[in-house]
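User: I've got a model open and want to talk through a few of its features. Can you walk me through it?

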Amino acid sequence: MYTRINIKTPDDWHLHLRDAEMLKAVIGYTSFHFARAIIMPNLVPPVVTTADASAYRERIMAAKPKADFFKPLMTLYLTEESDGDDIVAGFRDGLITAVKLYPAGATTNSASGVRDIEKVMPVLEKMAAAGVPLCVHGEVTDPEVDIFDREAVFIDRVLAPLRNRLPELRIVMEHVTTEDGVSFVESGGTGIAATITVHHLMINRNAILAGGIRPHYYCLPVAKREKHRSALRTAATSGSEKFFLGTDSAPHTDAAKLQPCGCAGCFTAPNALACLAQVFEQEQKLGNLEKFASLNGPAFYGLPPNESTISLVRQPEPVKFPDKIQTGAGEVTVFDPGMPVYWNIEKG
Ligand code: DOR
Ligand code: ZN
């Protein structure tokens, strides 16, 4: 049995850091555990231009604990008015790492997203030619489509046709939640990969709805039935280079979550890695943890893995995580894995 595992420092390939007081309160949890993170651009207003990304990057670096090495990998929010030349220039300068496609209305702060994919085809063509990866929130927003089917329908209506039309475009299907998504990515050639969150590996939809409604487990894409969680666990722990960690840690204040119409998002930054180690232990795949958390992501993005290492150390008793953190914007509840987690993270 493993009691200590040393792995190259992980990266988080999908993260919400927010801004202002929330940014200051949450960034240290990520910069303690991760060397790099893909920073989601869904601020209000969104990060659309390279000038926006440059300013946001400065605010992140100013908020980061001084002692931590941390490199934010910036993304731009794709709108129907996005400037393809600005995107390509930002990518060539190393300022941005990817562009994010939110279908308009799909999730938190996505009102400026894409309504009609035809309108962004010229930009996507420029991105494909320049090698700029596209990160996709893969859900349709058609009100007639059941919320539990929105990912599968997005694959049929949008993603598969886009892959056929522009096979050179590198795509990351973000926070994949279904076996349909896993199969699509597995059979999709080298230009497509997927991130998987820790919470989608740990909960199914019963956690949200059975025995009472639990808003802190509500996120988008919403957790699906058990067979889907099982497919995600198999994919994440398989070692396949097509799957890597993107926590989608998405802090909202309790005041914003605990509403008649509460926000989507699970705040997992403080315990994501410990929970992930628990999942890999349960699946008897701890030997593949480094691939999922530290190697597959950089390989897809064409970056070197981190040189530093961290240790995951198994404790005799379950580890206690804080229930909540205090922020200048209000209290934020930390993800409750709903099962004992025995792993602690040590740096260096
Ligand atoms: O649950 C989610 N929260 N899903 C998203 O896609 C966005 C995120 C957020 O920004 O809160
Ligand atoms: Zn997200």
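Predicted model: local features only at pLDDT ≥ 70, side-chain atom pairs only at ≥ 80, totals over all residues.

User: Which residues of helix 2 are buried, and what arc do they cover?

Analyst: Buried here means under 20% relative accessible area. T50, A53, Y56, I60 and A63 are the buried residues of helix 2. In an α-helix there are 3.6 residues a turn, so residues three or four places apart point the same way.

User: Which exposed residues does the face turned away from the buried side of helix 2 carry?

Analyst: Exposed takes over 50% relative accessible area. On helix 2, the face turned away from the buried side carries A51, E58 and A62.

User: Which protein residues are donors to the zinc ion (ligand 2), and how are they spaced in sequence?

Analyst: The donor atoms are NE2 of H14, NE2 of H16 and OD of D248, lying 2.1 Å from the zinc ion. H16 and D248 are both buried. Along the sequence, the donor spacing reads H-x1-H-x231-D.

User: How many residues apart in sequence are the parts that H16 and D248 tie together?

Analyst: H16 lies in the loop between strand 2 (11–15) and helix 1 (20–33). D248 is in the loop between strand 9 (243–245) and helix 10 (254–257). The pair therefore ties together parts whose separation in sequence is 232 residues.

User: Which strand gives the largest share of the lining of the largest pocket?

Analyst: The largest pocket holds about 340 Å³ of space. Its lining has 22 residues, and R36, K71, L73, T97 and L303 are the closest to the centre. By type, the lining divides into 13 nonpolar, five polar and four charged residues. Strand 4 (71–77) and strand 5 (96–101) each supply at least two lining residues, and the largest share, four residues, comes from strand 4.

User: Is E81 buried or exposed?

Analyst: E81 is in the loop between strand 4 and helix 3 (84–92). Its relative accessible area is 67%, and the cut-off is over 50%, so E81 is exposed.

Technical notes. Residues numbered from 1 in each chain as written. Chains lettered and ligands numbered in written order. Heavy atoms only, no water. Donors = N, O, S within 2.8 Å, 3.2 Å for Na, K, Ca; no water. Buried < 20%, exposed > 50% of the residue type's maximum accessible area, 1.4 Å probe, protein only. 1 Å grid on protein atoms, 1.4 Å probe; cavity = no way out; pocket = protein on both sides within 12 Å on 5 of 7 lines; lining within 4 Å. Points joined across faces, edges and corners; volume = space filled by probe spheres on them. Nonpolar A, V, L, I, M, F, W, Y, C, P; charged D, E, K, R; others polar.
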